Amino acid sequence: MRAAVWRFDEENAELTQRFYAGELTNDAYFTAVEALMKRTPREVVLASHKLNRILREALEHENEGIVAYRALLKTVEGKSVVLEEFARKMVHDEEAHVMEI
């Protein structure tokens, strides 16, 4: 059950990151969060894979995010303070997720 709650938290964090990155409009974000909130932890488990596969996939996802945000940081460094701060925050968040996993 703890894995289900953890997966739920990860999905919610991903939605939030996509919203802040501008990939989701307000309406799309709130619709996705409402759909996520309607799912029970048991449904999350049934929709997911076994725990070790979930953890492996999560690590891959977080590491891909770190690589992408570091590339963004390198691209915008010295050009936009706002984008630099955004990229640094995202790298920080992704690295924190890796440590949690």
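Okay, so let's start with the largest pocket, which comes out at about 160 Å³. Quick note on terms: on a 1 Å grid over the protein atoms alone, a pocket is an open set of points with protein on both sides within 12 Å along at least five of seven lines, a cavity is a set where a 1.4 Å probe fits but cannot get out, and lining residues have an atom within 4 Å of a point. Volume is the space filled by probe spheres set on the points, joined across faces, edges and corners.

This is a predicted model, with local features needing pLDDT of at least 70 and side-chain atom pairs pLDDT 80 or more, while totals for chains, interfaces and linings use all residues. Numbering runs from 1 along each chain, and side-chain values use heavy atoms, without hydrogens or water.

Back to the pocket: α4 supplies the largest share of its lining, five residues. Helices here are DSSP runs of H or I, at least four residues, numbered from the N terminus. Among the lining residues are Gln17, His61, Gly65, Tyr69 and Glu94.

Now, the whole structure has one cavity of 30 Å³ or more. Glu94 lines that one too, along with Glu10, Ala13, Glu14, Gln17, His61, Glu62 and His97. α1 gives the most here, four residues.

So what about Glu94 itself: buried or exposed? Glu94 sits in helix α5, residues 81-100, and it's buried, meaning under 20% relative accessible area with a 1.4 Å probe, protein chains only.

Terms used. Helices (H or I, at least four residues) and strands (E, at least two) are DSSP runs, numbered from the N terminus. Buried means under 20% relative accessible area, exposed over 50%, partly exposed in between (1.4 Å probe, protein chains only). Lys and Arg count as positive and Asp and Glu as negative; His and the chain ends are not counted. A salt bridge is a side-chain nitrogen of Lys or Arg within 4 Å of a carboxyl oxygen of Asp or Glu.
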